[in-house]
Each structure stands twice: as C-alpha cells, then as structure tokens.
Amino acid sequence: MIKSILPKTILFLSLGTTLLAQKPNTPQTESAYSNYFSLDKEVIHTQVNKLLFFPTENLWFKTYIYNIKTQLPYLTTVNIYTEIFDEEGELLSKKLWYAENGCSHGNIELSKFEPGNYYLKVTTNWMKNFHTPESSVTAFQIIGEEVNQTTNSHASLPKYDLQFLPEGGHCIADATNSIGFKVLRQDGKGEKIASGLIKDSSGKTLLTFHSNDYGMGKFQLEMKSNVSYTAEILFDDGHKITKQLPSAELFGVNLITHSNNKETVYITIQTNAATLPNLLKKPYYFLIHRDGFKKRVDVNFSADKLSYTFLLNIRELMDGANIITVFNDQNKPILERVIFNFTNNLINSVDISKIEKGRDSTRIYFKKTDNDQAFYQLSISALPRFSKANNLKEDITYAFLLRPYIEEHIENAAHYFEEKSVKNIYDLDLLLLNQGWSKYSWNHIFNYPPNNKHFFEAGIQIKGKLTQPQKNYNEVLLFSHENELMISSELDKDHYFSFDNLFLSDSSYIGLSLKNDKGDILKKGIYYNVYPTKNSDNLDVPQSHRNLFKENHGISFPDSFLIDPKATQLDTVSLSTKKEYKPKNQIYRKGFNGKYVDLENRYDPFSRVIDIIRDQGFDISYQGTNVIISSRRAIGFAGRNQPAIYMDNRRLDASDMTILPNLLVSDIDEIYVSRQADVFGGLGGSINIFTKKSITTRKKNKETFNSSVLRFGFSIPEKYHSPFYNTSRESNFRDYSVLHWIPDITFNELGEFSIDLPNYDPGYELYIQGMGSNGMLISQTKEITIRPLGEGSE
C-alpha cells in the first residue's frame, strides 16, 4: 500500500478569478507513464561496518531492500548478490546471499585483495529489467603502504564554481523567475558565501542574497528582455567571483513553487505577454507524480492572465518525493521540479535511555521514540569516537527517499533527515531546486518501458532431463547431506524435472538419482543445470564515487598493529598449558555450550552410544522400535523436551533413530553434547554424532547418488568476530579500528534493545540504520562519552 496517495479530488485554487477543473480523459502520455511503472522496483541500501579496512579484516554488511512504490520493505526479494570491483570497475568477487523480510547480512573476507580502492555493489537479478537499477554501490579502501596516491584532478579547476539553476529549467523575459544557485569548491563540496548581489547591465544593484551552510540558496528576479544580469559573490576569505546569469528566453513558460508554512504548497505557472497569444486554447497541463502514481492538472490559459497559481494541502501529496512536470500541447515535458513532502510517516528514531558501565564493558540501552507496533530490523556499527574509518556518505533515508529521484551525488545526505526542523526542510528544498530535473528519463518512459526479461529469483533452481530414460523410473531424488535435504521431483512426459526454491549452501555436495515405484535407486543418465550461475558483471563507476577516493589513506602502520588471528603472541614467560581438543569435523548445528565427549579416555570401544547419551544427562525410552531421547532438565506442556539429534550434520527424524541402539564407540569419530535449547528446534538441547568413514552414510550416498559440488550457492553469514588489534598502538586503534558490529537487532515488546561494547575512552561513535515493517526508516549517529565508574555517562 501507499502510505499517502493523492485523493480522487483535489481543490486547486487560482489566485485570480478562475477555478481550474481537471479533464477525466487520460492522454497517451499518462498511459505510457503507467505502463513504465507497471513493474515494482527494488531499491537497495547497504550499511557496512566501516569504509577503511586493513588487509586481514572482514567487511561486514547489512542490506535493506525497499519497494519505492509501496514505501515498504520488499518482502519477496530472496536472492541478492554482493560483488567486489576494483577501482576501474573490474569484477573481482561475487557471492549469493539469502534475504528475508527485506533484509540480509553477511561478511566478505578481504585478505585476498591487495591494498587499494574498491567498490561493493549489492544487487538482484530483477533489477536488470530497469534502465536505472537502484543497486547500492559503496566505495571502500583497503589501507596499506601499497595504495597508489590518487591523482589530484582538481589542480587546474578554479577555486570556486558558481552555478545558477532556474527553477523548472527555464527563465523567461518580462516575468519574475525563481533561480537557485550553488557554490562548489574544487573537491565538489559546497562553500558558504559571506554575501551576494545581483546587478543589471547598467551596474544597478537589484537584490542581495545569502547561502546556507552547503553553499546553496535561491532568489526571485524579474528579468527584462535585452537586459543582462550579473552576480557578485564574496567569501569569508576575501575571495570574490563574478558571473553572468543565464539569459532569459523571449518566449516560454516558467515554474515557481513555494511553501509558506507546514501545511500548503503553491505551484505557479507563468508566461509573458509575447508568449500568451500562442498558448490560448492549447492543452497545457502538469503532473504531480512518482513511481506510477500521478495526478493531472490542466492549465487553461486565458487572454487576461499571465500567472496561474494552485494551492495544495500537503496531505494531498504523496509522502516523500513528488515530481512536478509541466507538459505543452504536444505532450512534451518542458519544465520539471522535485519537491519533498516531509511527513511523519517516513522516519522514526531511537533514544538512549540508560548507560551502565562495568569493569570490562558498557551496556547501552535504547528505546524507540514512538509506540507503533511495527517490527523493526536494525544494524549498528560501533567505532571509536573521532574515528577516521567511516564517513557516512549515504544513509538509508537518502537511499530510499531521495536517491531514486535525483541524479547527482549529495554531500552529507544524512543531514537533511536528522530531524524534521524548519531549517532542514528548507535546506532539502534548496537541494532539490538545485538538482534540476528528476532522474526519470521521459524518453525511456515514452519509448522504452522496462522489459520483464529477468525473472525474480527465489532460491536455487535445479532443472534437467534424462539422457537415458529408464522403464518404471518416474522420479528424481535430490540429496544434499550438508543442507539436510532429501526431496523428489516427478518426471514429465518428456523426461524433464525441476527442483525450485532451494536453499543450498555454497560448495556443498548435491546428489541426484532415479527412483522407481519399488524404491530402487539408479544414478545414471541424469543431465541437469543449476540456476543462478556465477555470471560476470560490470560496474559503470560514477564520477561522484570516484571522487570519494580523493584522500589517500596509504598510511605506514606497524606490522604489529593488526595481529594475525592465526598467530599466537607470547611474552617471554614460562607457560604451563593444557592441550585443547581441536574438532576433526565441521559442526553446522553445534548448539550453545556444546562440549566434546572424550570417548578415547572415558569409554571402551564396545560401549553403546545410547548409554553414552544417557550418561550425558538424557533419558532413553522406547515405544515399540522407536527410540525416544528426552532431557532431564526441562518439562514442557507436552512432556519432556527432546534434543535435536544430528548424525554427520544431518538431523535424524523418528525413523532414523532406530540405528542408535546398534552404534558402538568403535563406530564413532566424535560426539558433542549440549543440554541448552537448540535454536533450530531441539528444546532439550542438541547431540552431534560423527561416524567413522567405514559406516558413514556419506559413502552410501556417494554410491547411490550422482554427486557433485555446488559451485555457486548461498553464502552463510558468519557470527561477528572482532579483529585482533594491538591496542597499544593507540592512534591507529582510534583512527581505524572497529569496536563492534551488530547486524540483527530487533526491539522487544517494550520497544527497547541493548548492546554491550568494550570499554573505550574517549567513547563511541554509533552508526544506527534500520527499517520497520511499516516502511519507516531509522538513521542516526550517536556520539557517546564514557566516564569513569561512578561518574555517569553522556
């Protein structure tokens, strides 16, 4: 749903004597517009834990997927791709991740990349249908001595660049025009001016003006035909520049928008006396539109009027961006302007309610600022205060509410949504005025609508056929030991089969076999393909992103600052150590506090596994041939809680349990036991049994299934682990380290959550991003100073 849709009737008032009505018919322009937006478009924002990395670190990320038409999470997105590109846009790495409820998270190991500049692109297959796919692209740097110094491309540019942008795109003579301006430094950032003035060709000063902190402003100027106008700008450093304004056109129309309070917006269409005779009885109109939703308003020019103003209540606009496009009688767009309706339905926030400092860590409590019952997902990157490792270029509010509609990169985009203040609303309007036309291409809208060629991926698909059809074999079995999967697909009349919507982990084994009505298994004659494949991709690096590498962080840092996690650093002391057992097998479902059972030293080879399980605190009972294992620690409403039993990482069901009484220690490689509840379904804990190769089901599966390694499956997110920093290198630690990364935060029933951070003086900088099931967004940066115990915090 749309949180605020233009109602069926709107009152548009002319400040003159005419009430302008709307025509009920829909012209070809509007039909093309609706067709262009018939497909729902995904927009992606990705938060990374920081932007500057050491070579042995991981990049941790959280991705949010948004439906800009409904302004809600894109719940149907499943497959997302992360791609790493070098500075020239060459693809270096590609991974597949699973998204759920509009979110995904994971990590990318950076050790295989050299120090240098890189891009992280997060995208989907569905996005390929659109001319302007809204993937997220994040520039990051792996720092080291080998980073090449970025060429200073600004050396030949003037110190300041002054630009004038008429509202809607045109100035006309003998009329009042609204003109935006922005002043940029060589590095592309805005520069505030001390003062500015406009003079006509006779040298007469007509008006003065000022800019905001980002070097942007606007003024209105009545421009005469055959008169030139010049601006003089003075800066605080005494520098002065002079530039001529764009010439006023002798014929045409212009656009002026204005909001005098928080409730109304004025839209004015003007012309001049020279143009008016050619406009009479011609069907001009404008659309207020976005993402397929539109409202048409006809402009009926009359012989006694040059200016036509329409009053709108902001409740009659859509939440967020609204695009105003003026069309002439040939259905050609001639003026365009983006405005923003900053409603209460867009952004939420959190407050810090309490800070508790302990000896080693600090717990910070957060509370949602309103009481809506939406489900929120958040992520937080915690860096040392004054860190250089993250400069928030884009946040989730900019990515979802502005980026799809404007072309240029925005300086400090997060500023405009920090709070709903009069200043921020005015600054945002100046930004949009000076952006000019929206990102929409009317050429594409009229002539090149999106083609639904790239399907919406939801999991992994395996499709194939029999190259050697076998009589009475009418099913194909799919087995994957690592993915705990055994399913079947019937063959069609042409001997084709398909498995859809599978979750298969990357580099796991999959096996296919034929099955007949008697249950016999045959593995020959099966041909199949797996989708998606690891296709190559490219990145057209925008200049705005290239400029993010203007600062070189090729610092010379000591080798001892970032400790190799595989290395052990010891002081020169005598140590008495106890040998730590290292698992032989990889455990996918270990459970909490899973401990290794010492079979070699505690049990003889002829001990029964069922007795060992009983010895570890579980009860064993029988119902016929069925074996029932239950915990002694917890009683549920339906009886004792049962543990999850895994054999070689495959969970056993009731029918599999009959093999346990026959297993001896001599058959077993390892056993791990946890009596804490298993998050994957074992309320009574978990038991992991690994068999020796002589009896393992893996051998049987290899004999009966045509097995192969899945070359491109879902990557599995790792649990966050902090890098091993040498904290004695204080300046490097402060500037480039990360204190914590929490990608999967949700509120409790009271709208609260808490995080634990290691104690660090001078404090923390927390980057908080999030999205609710109602589409509301959270983006905040919190600076926290931690005082010594007993003094409180702020």
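**Sheet 10-11-14**

I began with an open sheet of three strands, ordered 10-11-14 and paired in antiparallel fashion. Strands here are DSSP runs of E with at least two residues, helices are runs of H or I with at least four, and both are numbered from the N terminus; two strands pair if DSSP finds at least two bridges between them. I noted strand 10 (160–166) and strand 14 (216–223) as the edge strands, each pairing on one side only. Neighbouring strands of this sheet are turned by 30 degrees against each other on average, direction ignored.

The model is a predicted one, in which local features need pLDDT of at least 70 and side-chain atom pairs pLDDT 80 or more, whereas totals for chains, interfaces and linings use all residues. Residues are numbered from 1 along each chain as its sequence is written, and side-chain values use heavy atoms, without hydrogens and water.

I then looked up the pairing of strand 10 with strand 11 (residues 175–185): seven bridges join these antiparallel strands. Asp161 has Leu184 of strand 11 as its bridge partner. Helix 3 (residues 422–433) packs on the sheet and touches strand 11 and strand 14; contact means heavy atoms within 4.5 Å. The direction of helix 3 makes about 65 degrees with that of strand 14, with axes fitted to C-alpha atoms (for helices over the stretch in contact) and angles running from 0 to 180 degrees between N-to-C directions.

**Salt bridges**

I found 33 salt bridges in the structure, each a side-chain nitrogen of Lys or Arg within 4 Å of a carboxyl oxygen of Asp or Glu.

I looked up Asp40 and Lys69, whose closest N and O atoms are 3.2 Å apart. Lys69 is buried at 16% relative accessible area, while Asp40 is partly exposed at 26%; buried means under 20%, exposed over 50%, and partly exposed in between (1.4 Å probe, protein chains only).

I next recorded the salt bridge of Glu752 with Lys367, at 3.7 Å from N to O. Glu752 in strand 47 (residues 752–758) and Lys367 in strand 25 (residues 361–368) are 385 residues apart. Glu752 is partly exposed at 28%, as is Lys367 at 35%.
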